[in-house]
Amino acid sequence: MKRSVFVLVALTLLAIGLVASVEGRGGFALSSQDKASMTEVKIDNFSFGPAALTVGVGSSVTWINRDDIPHTVVSTDDAKTFKSKVLDTDEKFSFTFTKAGTFPYFCSIHPKMTGKVIVQ
Amino acid sequence: MHPFDIKTVLFAKHAQHVVLIHFPIALFIIGVFFDFLAQWKKQPLLAAVAYYDLLVAAISTIPVVVTGIFAWQWELEGQRLKGVLLMLLAMGCLSSVLIWVVLLIHRKTQRKPEDVLPEYRLPIEAVAAAFVVVTGHLGGFLSGVNGPG
């Protein structure tokens, strides 16, 4: 009887631990990570990540160059909404989107590198 | 975008530089190779081949330098360069000057057939070829051809 109670308590504790662990990783922690990465675009290995980013009006987006070589972030819309200077490794560029719309951009040193920010 | 696409050639501004740069690199290196071969084999025909390779290599540096400066001024709005871009600019200019120096040495002899090509040109050519290779490597690294991308 004592033994089965002990096993039951142990299993319950294990189940609670597992649920807390999964929730910590996939639930609460992931949502805060998502929130942080939503407004950051990483430049690495000749690509923008994520290539397409959706943000709300008034959000700031920061591009950070994690590549070994310089890149730029230049919008290709007619209004030329934003244009960064040459970003060396670990340098950042931020822009605040005050209007809704889709803002495609590219790296002017490597035109094949493209991305877009969708502002809703 | 494709560098041989007409629209890209006309509108991508610095795509021309990426295409044109291959001409002086290839022609100069092969010109130096033929010149060394001509010196070794004592073959005037090989020396003539080397001369014309070097001539076209030197001429092709002009559009390369011009399109490189256009890319800097148009795409990067002439901002102060640093790092790999600055190194590429410096090495590119130095390589172009060395290519012209080598050509002028050859041209001087070409105009006076009785003259013999001076042997001091060979170390200059070797140094110039090394500069061209390093510059090409920097360009390749910058464009992603020689890099991780």
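**Salt bridges, fold and surface**

Over all chains, the structure holds six salt bridges, a salt bridge being a side-chain nitrogen of Lys or Arg within 4 Å of a carboxyl oxygen of Asp or Glu. This is a predicted model, in which local features need pLDDT of at least 70 and side-chain atom pairs count only at pLDDT 80 or more, whereas totals for chains, interfaces and linings use all residues; side-chain values use heavy atoms, with hydrogens and water left out. Residues are numbered from 1 along each chain as its sequence is written, while chains are lettered from A and ligands numbered from 1 in the order in which they are written.

One of the salt bridges is formed by the side chains of A:Lys83 and B:Glu77, at 3.2 Å from N to O. This pair crosses between chains, from the loop between S5 and strand S6 (92–96) of chain A, where A:Lys83 lies, to the loop between helix H4 (44–75) and helix H5 (83–111) of chain B, where B:Glu77 lies; helices (H or I, at least four residues) and strands (E, at least two) are DSSP runs, numbered from the N terminus. A:Lys83 is partly exposed, with a relative accessible area of 36%, and B:Glu77 is exposed, at 54%; buried means under 20% relative accessible area, exposed over 50% and partly exposed in between (1.4 Å probe, protein chains only).

Within chain B, the side chains of B:Asp35 and B:Arg121 meet in a salt bridge of 2.7 Å, N to O. That pair links distant parts of the chain, with B:Asp35 in helix H3 and B:Arg121 in helix H6 (residues 121–143), 86 residues apart, and both B:Asp35 and B:Arg121 are buried. B:Arg121 also forms a salt bridge with B:Glu125, with the closest N and O atoms 3.8 Å apart. Because B:Glu125 and B:Arg121 are four residues apart in helix H6 of chain B, about one helical turn separates them, and B:Glu125 is buried, as is B:Arg121. Elsewhere, salt bridges that share partners join A:Lys85, A:Glu91 and B:Lys82 into one network.

The fold of chain B comprises six helices and zero strands. Buried residues account for 37% of its 149 residues, and among contacts (heavy atoms within 4.5 Å) between chain B residues at least 6 apart in sequence, 64% join residues at least 24 apart. Chain B averages a pLDDT of 88, with 88% of the residues scoring at least 70, where pLDDT is the predictor's confidence in each residue, from 0 to 100. Confidence in chain B is lowest in helix H1 (residues 6–11), at a mean of 55, and highest in helix H3 (residues 22–41), at 96. For the complex, the predictor gives an ipTM of 0.70 and a pTM of 0.73.

Chain B exposes about 8700 Å², of which carbon and sulfur atoms supply 73%; accessible areas come from the Shrake-Rupley method with a 1.4 Å probe, and for residues only the protein chains shown count as cover. B:Val66, found in helix H4 of chain B, counts as partly exposed at 37% relative accessibility.

In chain A, A:Ser75 is found in strand S5 (residues 74–75) and is buried, with a relative accessible area of 0%. Not counting residues up to four places away in sequence, A:Ser75 touches A:Lys80, A:Thr81, A:Phe82, A:Pro104 and A:Tyr105.
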